[in-house]
Every structure is written in structure tokens, then in C-alpha cells.
Amino acid sequence: MSSFIHNVKSDLRNYSSSSFFKAMLLEPGFKYTFHHRLNYLLSQKKILKPFYLLHRLYFLHLEYIFGMHILPKDMPKGFRIAHFGGITFVPKAVGENCFIRQNVTVGANNDNGKDLSQNPIIGNNVTFGANSVAIGPIVIGNNVYIGAGAVVTKDIPDNCIVAGVPAKIIKRIN
């Protein structure tokens, strides 16, 4: 429970709203992230299962309304969605402080959907530009910025900016 509160506070710092209630009303990305975390928390506690089932229905409604499908179930701290809509985010693993813009697709390049071994592994402090895609069993390092419209199909090392189709390193960051 304390990690839930800690992660929500960490998420709140990533949005411009000064209060929890303001963020819930005005920031769809924060609202989705909060309910994603709450859904996971309720699913982990046996005594809360009846609440989980009710909340799960509400959460599925949010996924439909906002046009987002995001895994893993246990999001890392500092996760931020800048603009909602058209987001499919299913990595094998994701680090802290991940920043996503609209129409981002992260996942496998097959139709299985259950086997996450073919999905990307994402490091800490990774930013996805609008309409960017990362597919296949790749590793995206720490401190990486993926430019708008980039298609990442190969491993990306730490501390760089990538862009293009297919994505290429355009700058190294110190």
C-alpha cells in the first residue's frame, strides 16, 4: 500500500496539476495511470477481490474511452502519459520515468499476445515521441529519446536520441 501511494505521488509530480483532485479531473493520462495502479493493487489483495471485479469493469471502460492498453500490470514509478489516445504499450519490462505521447505502439511483432518474450525491454528515463513504434525482442537503454514517428526494430544503447524509419542514432547524450 505504501508503494502504491509513493508511486502515485511520483506520478503526480510529472503532471502540471498542483493537486490530486485537479489531476484526476484535468489530466487523462494521470487518471488512467492512477486507475491502472489501483486495479493492480486491488488484484493483489485477496480481501479486496470484490472491489477488484467492480473496478476492473470501470478500468476496462477507461481503456475504451481513452484508447489505451498498457502493460505491465505493475507500472514503475514516474510513468507519464502526455496525450491519450491510440496507445498500445506492452513491453516485457519497463524502467522508471517512462514518458509516452499519443499513438505510441510498443510490443511484439507477432500475433501471439501472451508470450512477452518477444516484446521490448525498456530502460529508465525513456521518452517516446508521438507516433513512435518499438517492436520485437529489443532492448532500449537508459536515457533514450525516441523521436516522433520513429520505428525501432533494433537495440538502442544508453544515452542517445534516435529518429527515423528505421530508427537510427542521431545524437549521443552525455
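These legends walk you through several close-up views of a predicted model.

**View 1. Helix 1 rests against its neighbours.**
Start with helix 1, which covers residues 2-13 and has 12 residues. From its first C-alpha to its last, helix 1 reaches 17 Å, close to the 16 Å expected at 1.5 Å a residue. Look for its buried residues: Phe-4, Asn-7, Val-8, Ser-10, Asp-11 and Leu-12. What covers them includes helix 2 and helix 3.

**View 2. Helix 3 is largely enclosed.**
Next comes helix 3, residues 28-44. Why can we call helix 3 largely enclosed by the rest of the structure? The reason is that 13 of its 17 residues are buried.

How many salt bridges does a search of the whole structure find? The search finds 1. In this salt bridge, the side chains of Arg-37 and Asp-11 meet at 2.6 Å, N to O. The pair links distant parts of the chain, with Arg-37 in helix 3 and Asp-11 in helix 1, 26 residues apart. Are these two residues buried or exposed? Both Arg-37 and Asp-11 are buried. As a general point, side chains of opposite charge can pair when their charged atoms come close.

**View 3. Glu-27 is a buried charge without a salt bridge.**
Now find Glu-27 in the loop between helix 2 (20-26) and helix 3. Glu-27 is buried, yet it has no salt bridge.

**View 4. Gly-29 meets residues from elsewhere in the chain.**
Gly-29 belongs to helix 3. With a relative accessible area of 5%, Gly-29 is buried. Its contacts, leaving aside neighbours within four places in sequence, are Tyr-15 and Ile-81. Gly-29 and Phe-84 are 55 residues apart in sequence, and their C-alpha atoms are 6.1 Å apart in space.

**View 5. Phe-89 sits in the largest nonpolar core.**
The largest nonpolar core has 42 residues, and Phe-89 is among those with the most contacts inside it, together with Ile-70, Phe-128, Ile-140 and Ile-146. Helix 3 gives the most to this core, with 6 residues. Beyond residues up to four places away in sequence, Phe-89 touches several others, including His-69, Phe-79, Val-94 and Ile-122. Val-94 lies in strand 4, residues 93-94, and is buried with a relative accessible area of 14%. The C-alpha atoms of Val-94 and Met-75 are separated by 7.9 Å, although these residues are 19 apart along the chain.

In which order do the 5 strands of the open sheet lie? The order is 1-3-6-9-12, and the pairing is parallel. At the edges are strand 1 (68-70) and strand 12 (151-152), each pairing on one side only. Strand 9, residues 133-135, is joined to strand 12 by 2 bridges. To spot one of them, look for Val-133 and its bridge partner in strand 12, Val-151.

Definitions and conventions. Residues numbered from 1 in each chain as written. Predicted model: local features only at pLDDT ≥ 70, side-chain atom pairs only at ≥ 80, totals over all residues. Heavy atoms only, no water. Helix = DSSP H or I, 4+ residues; strand = E, 2+ residues; numbered from the N terminus. Buried < 20%, exposed > 50% of the residue type's maximum accessible area, 1.4 Å probe, protein only. Lys, Arg positive; Asp, Glu negative; His and termini not counted. Salt bridge = Lys/Arg side-chain N within 4 Å of Asp/Glu carboxyl O. Core = buried A, V, L, I, M, F, W, Y, C linked by side-chain atoms within 4.5 Å. Contact = heavy atoms within 4.5 Å. Pairing = 2+ DSSP bridges. Expected span 1.5 Å × (residues − 1).
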